[in-house]
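Work through the exercises below with the model open beside you. Try each task before you read its solution.

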Amino acid sequence: MRKIYLTNNPLQTKKLGEKLAKEILKARPGKEALILGLEGDLGGGKTTFLQGFAKGLGVKQKILSPTFIIMRKFKIGNHGPSTDGLGLGPALLQKGGAGGCKLKIENFFHIDCYRIKKPKELLDLGFKEIISSPKNIVAIEWAEKIKKLLPQNTIWLKFEFIEEKTRKIAIKNFRGRVSRLFIFMLK
Ligand code: ADP
Ligand code: MG
């Protein structure tokens, strides 16, 4: 499945990211990390999208373009944004079900492969361990450069510069654990 969005300003791109994050927090967790692979034009809006995405996850820090840093780790907190402040954490955990599941996600990793020459550079940073833990959500800019390290169920987002304020964002590969999520996004 493939879904295409056109955004007309950076805020719309951020909002799309925020919406995707909130849906991911609602989805059933898998056995491994949830991975977003962002590819496409420089200035296409990948970092902008991830600023909204991180906000939707409840990350408080600002997401920057990590030009010289390959990887940044952010704490998501115990409850995710939708239960934050409601004091529902432990109760939801015990109840299990959809509410309990979302509490397991703990970390958001923002990776930028722009400066990577070989996929091995990421392996040296513990990439395999990071993507094997269901506690992690991992978003990778310039993911096309490390395609061979990414699992089948990676959610691919392709960013295209259309004109000054217009970007085309194509989201594909909705298999596995997130299929329910994308039924929502297609509405
Ligand atoms: P990338 O990470 O793909 O290189 P960035 O998100 O860093 O791209 O940069 C996108 C640039 O394009 C920003 O300066 C942003 O303000 C601008 N921009 C203009 N219109 C849009 C849009 N519709 N969506 C995202 N960014 C946009
Ligand atoms: Mg970027």
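**Exercise 1: Strand pairs**

L38 has L157 as its bridge partner in β6. This is a predicted model, where local features need pLDDT of at least 70, side-chain atom pairs count only at pLDDT 80 or more, and totals for chains, interfaces and linings use all residues. Residues are numbered from 1 along each chain as its sequence is written, and chains are lettered from A and ligands numbered from 1 in the order in which they are written.

Task: Find how β2 and β6 run, and how many bridges join them.

Solution. Step one: strands are DSSP runs of E, at least two residues long, and helices are runs of H or I, at least four long, all numbered from the N terminus. Step two: two strands pair if DSSP finds at least two bridges between them. Step three: β2 and β6 run parallel, joined by 5 bridges.

Solution. Start at the hairpin, which joins β6 to β7 through 2 residues.

**Exercise 2: The whole sheet**

Task: Write down the strand order of the open sheet.

Solution. The 7 strands lie in the order β1-β7-β6-β2-β5-β4-β3, with mixed pairing. The edge strands are β1 (2–7) and β3 (71–75), and each pairs on one side only. From one strand to the next, the twist averages 15 degrees. Axes are lines fitted to C-alpha atoms, for helices over the stretch in contact, and angles run from 0 to 180 degrees between N-to-C directions.

Task: Trace the bridge partners of I111.

Solution. First take β3 and β4, which pair in the antiparallel sense over 5 bridges. Here M71 has I111 in β4 as its bridge partner. Next take β4 (residues 107–112) and β5 (residues 136–141), which run parallel and share 6 bridges. There I111 stands opposite I140 in β5. N107 likewise stands opposite N136 in β5.

**Exercise 3: Two helices**

Task: Name the strands that α1 and α2 lie across.

Solution. α1 lies across β1, β2 (34–40), β5 and β7, at about 145 degrees to β1. α2 lies across β2, β3, β4, β5 and β6 (155–163), at about 170 degrees to β5.

Task: Are α1 and α2 parallel or oblique to each other?

Solution. Their axes come within 6 Å and cross at roughly 40 degrees. Angles under 35 degrees count as roughly parallel, over 145 as roughly antiparallel, 65 to 115 as roughly perpendicular and the rest as oblique. Therefore α1 and α2 are oblique to each other. Their contact (C-beta atoms, placed from the backbone, within 7 Å) includes L16 and L20 of α1 and F49 and F53 of α2.

**Exercise 4: The ligand shell**

Task: Which residues come nearest to ligand 1?

Solution. Of the 19 residues around ligand 1, T13, G45, K46, T47 and T48 come nearest. A residue is near a molecule or strand if its C-beta atom, placed from the backbone, lies within 6 Å of it. α1 (10–26), α2 (46–57) and β7 (166–172) are the elements that each give two or more residues to this shell.
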